[in-house]
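Me: I am new to this structure and would like to learn how to read it. Could we go through it together?

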Amino acid sequence: MEQNTVKQTENFGEIIGLLKKKNIKFGTSKNGANYANGSIEVEVENQFGTNAIKIDVMQMELKKDGEVNKAYKALQTINEEYNSIEECGKEGADLVQVFVKVEENNYYSDGEVREGMKLIASTNFDKKAYTPIKRVANKSTEHKATISFGGMITKMIPNENTGELKVEIVGATYTGKAIKHRLDVSKELAQSFRGVYQEGCVTTLHYMPVNAVEVQEVKQQVAFGSAPSYSITNTTRKNL
């Protein structure tokens with residue numbers, strides 16, 4: 001009997017920006033295996049503003065063959081030696097390059113399943129991305145945040161208020177497991193996108209993850225003396 005297998009679809013991204021935060025914890029599992037997990041945030045400046053992109057990390061100390069995992073050692077180095085904006089300000093922060101993949105991030109809340117996505121630092125030998133996270137020596141290197149995700153387009157939902165288009169695409173991991181992802185098409189490109197693609201199309205979409213944070217300082221009106229101020233933070237999250 002012939003067995004059909006689903007081919008892995010494109011799932012790869014590259015982030016270049018200043019290391020904003022690092023929250024990496026090291027521990028030991030019940031069976032005595034050492035591990036590192038947590039996340040880092042990378043600040044990317046582009047046409048959408050200042051973006052704080054969170055990337056999850058997870059590595060075991062030893063590989064399945066018992067050899068030392070270089071990616072685990074790299075996380076130790078990042079935790080101990082890399083400088084973040086949170087610690088040293090923008091001038092002292094390290095510029096980093098991170099290779100990522102998309103994973104589903106589904107959870108229960110108020111009795112309902114909430115569907116989302118997250119970025120995971122990951123190697124990709126086909127793309128010659130052998131080290132998930134590394135320091136970039138040339139600090140004038142242009143910031144970057146791009147992701148390529150392939151699969152079948154299953155839904156295209158227009159937003160009548162904004163003119164944008166919400167696209168749902170389902171890809172496959174190397175084990176054949178389905179992975180659902182949602183993207184936003186800007187109102188400027190929505191009509192052209194619908195002219196090229198339709199539900200049922202199999203393709204690879206290239207986009208930019210946006211998590212733009214705008215901080216606005218507002219001064220209160222006073223009759224005399226120095227005016228106290230407060231900050232308003234607006235965050236825009238999209239996958240354009």
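Me: Are Phe125 and Tyr130 buried or exposed?

Reply: First, a note on the model: it is predicted, so local features need pLDDT of at least 70 and side-chain atom pairs count only at pLDDT 80 or more, while totals for chains, interfaces and linings use all residues. Residues are numbered from 1 along each chain as its sequence is written, and side-chain values use heavy atoms, leaving out hydrogens and water. Buried means under 20% relative accessible area, exposed over 50%, and partly exposed in between, with a 1.4 Å probe and protein chains only. Phe125 and Tyr130 are both exposed.

Me: How many aromatic pairs are there?

Reply: A pair of aromatic rings is described by the distance of the centres and the angle of the planes. Rings of Phe, Tyr and Trp (its six-membered ring) pair if their centres lie within 6.5 Å; planes under 30 degrees apart are stacked, over 60 edge-to-face, and the rest tilted. The count here is 4 aromatic pairs. For Phe125 and Tyr130, the centres are 5.5 Å apart and the planes at 50°, so this pair is tilted. Phe193 and Tyr197 also form a tilted pair, with centres 4.7 Å apart and planes at 45°. Phe193 is buried at 11% relative accessibility, whereas Tyr197 is partly exposed at 23%.

Me: Which residues have the most contacts inside the largest nonpolar core?

Reply: A nonpolar core is a set of buried Ala, Val, Leu, Ile, Met, Phe, Trp, Tyr and Cys residues joined through side-chain atoms within 4.5 Å. The largest has 36 residues, and those with the most contacts inside it are Ile15, Ile40, Val42, Ile55, Val98, Ile133 and Phe193.
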